[in-house]
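Open your viewer and get ready to select.

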Amino acid sequence: MAHLLSLRLTLSAAETNKTSSPNTRRTHKTTTSISAPKRGSSSPSNKTHKLNLEISPHRAVSAVRLMRIELGGAFADLLNEKGKGSGNNEMGYVARTLGFRTRNLEDRDFRLVTNIVGGTIRWRRYLDHLIGSLCHDEKTFRSMEPLLLQILRIGFYEIVKLNMPPYAVVDENVRLAKVALRPGAGSMVNGILRKLVLLKENNSLPLPKLEGDKRSQARALATLYSHPVWMVRRWTRYFGQEEAIKLMMWNNRDPSFSLRANKGRGVTRADLVMQLNSLKVLHELSFHLDDFVCIKTGLQIVVQAGLLKEGICSVQDESAGLVVSVVDPQPGESIIDCCAAPGGKTLFMASRLSGKGMVSAIDINKGRLKILRETAKMHQVDGVVTTIHADLRIFAENNSVKFDKVLLDAPCSGLGVLSKRADLRWNRKLEDLEQLKNLQDELLDAASTLVKPGGVLIYSTCSIDPEENEERIHAFLLRHPEFNIDPVDRYVPPDFVVKHGFYLTNPVKHSLDGSFAARLVRAS
Ligand SMILES: C[S@@+](CC[C@H](N)C(=O)[O-])C[C@H]1O[C@@H](n2cnc3c(N)ncnc32)[C@H](O)[C@@H]1O
């Protein structure tokens, strides 16, 4: 993975170089250093780099992670406390990128890195608006080298959103820019951050006003709540402005997580609670699901204590767990999970079979399917899980076996999980939705052929977008009159049941990720 990532960054550096203007040439220097670790750099040794105790390690690590996420397009996996793709030696990677070492991260620094990286990504549009407004001119901002921009974003986020002591933030970020780049970069950071501190003290940050026609208001909201304009316009149209604002505020909060006790391994929720108590991780029991526990903070402690690696519990949002309640797996049933990897729902369904029956897990992605297989083994449910590496559309054409239950957890925009997937809002494009809708229709048609007469087809997404949810089902029912809606009220609490008997979690209303499911029964 580290190798692939560095290769991708090397390519991006080469691309940058091909088209670089004098203004962006320094960009090449930075991307080259981030993308081309020195020979032998896979060894954990940092000894060749000088130790600099004056630079705060959380800022150095945050800046490098942000560069990698933005330049490499790496997924901002906030669960991975070591940084995606850097193996076990993130500090070595940081040293190679910046050209010096810092002291190692302590627990407090880890928490700060998670907070700063996630927050800086979420608030990117807002922060860039402020940085752009305080730069000398538009061109200075547009042609700013990536590392300098990340250092400024970190400083702005720390001052405006984390309310950290402003002059300490200025000093520390100036030092980082000087050492990692050059003295002139430090002077620039100093000038811009000091302007920001003054404006904040006078309560006069240069932010857009919510005024004018719909388009201007959408642009202003997109900056104020840091989302793409197309999302603001879509949500305002579907949910109204007030709800759209609440949704954006939810997306900008630090995410909370829930853990599922792995019953397949004989771990009960009471066992998990005991472990969390001994780790001093604050938690609450889920109201909706017997095996689930909710935590607001402390996920890192759970990860470090090895609870996930040892298969004691899995990180799974209650909204995903409730989709399994909609499936309602029963011992002895044959179930096929049509888009299964990395296996969150497959494994939960398998644990409900009490060793009787079978879940067949199909996915087009071999790597993700391998993760599913390994996790099934670790969770001790591999006796009731088989994996099939295939495109569902081709598999369905060539398969004559029918199943009691067919779950299609379709590829979707992920617009319901933006609080956990900090970078997703910037990677998703409006055009993706059209493509996804076509794919969802094709997969639904394919999945429907696998359902026994009298069997059930469950369609689910982690989206809140009506066009990916109820519209897909209504279109499907027009094409397939042999299916009828089976309302979900027998399977989930009434609060999650919406029009037509579909299941929907609303982040604003339920404080869960957004998700949707419909249960359809095939005529006998
Ligand atoms: C939303 S994710 C599934 C998440 C999974 N159900 C879980 O709970 O962990 C969608 C999955 O669909 C898979 N996929 C996309 N197109 C597919 C196709 N044509 N056939 C089979 N799987 C496909 C992707 O590889 C991806 O793993």
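Helices (H or I, at least four residues) and strands (E, at least two) are DSSP runs, numbered from the N terminus. Colour by secondary structure: the protein chain has 23 helices and 13 strands. This is a predicted model, where local features need pLDDT of at least 70, side-chain atom pairs count only at pLDDT 80 or more, and totals for chains, interfaces and linings use all residues. Residues are numbered from 1 along each chain as its sequence is written.

**Confidence**

Now colour by pLDDT, the predictor's confidence in each residue, from 0 to 100. The protein chain averages 88, and 88% of the residues score at least 70. Select residues 1-46: here the pLDDT is below 50. Next select residues 75-87, where the pLDDT is also below 50. Where pLDDT is low, the predicted coordinates should not be read in detail. The model as a whole scores ipTM 0.99 and pTM 0.87.

**The whole chain**

How much of the chain is buried? Of its 524 residues, 45% count as buried. Buried means that 20 or more other C-beta atoms, placed from the backbone, lie within 10 Å of the residue's own; exposed means 12 or fewer, and partly exposed is in between.

**Helix α11**

Select residues 214-224, helix α11. Which of its residues are buried? They are Ala218, Leu221 and Ala222. These residues lie on the same side of α11, because they cover an arc of only 105° around the axis. The arc is that of the directions from the helix axis to the C-beta atoms. An α-helix has 3.6 residues a turn, so residues three or four places apart point the same way. Show the partners next: the buried residues of α11 pack against α6 (124-134), α12 (229-239) and α13 (241-252). Ser226 follows α11, with a positive phi near 55°.

**The annotated domain**

Finally, select residues 247-523. An unreviewed UniProt entry places the feature "domain: SAM-dependent MTase RsmB/NOP-type" there. This stretch is 35% helix and 23% strand, and its end C-alpha atoms are 39 Å apart.

Definitions and conventions
Contact = placed C-beta atoms within 7 Å. UniProt positions renumbered as here; feature names shortened; annotations may be inferred.
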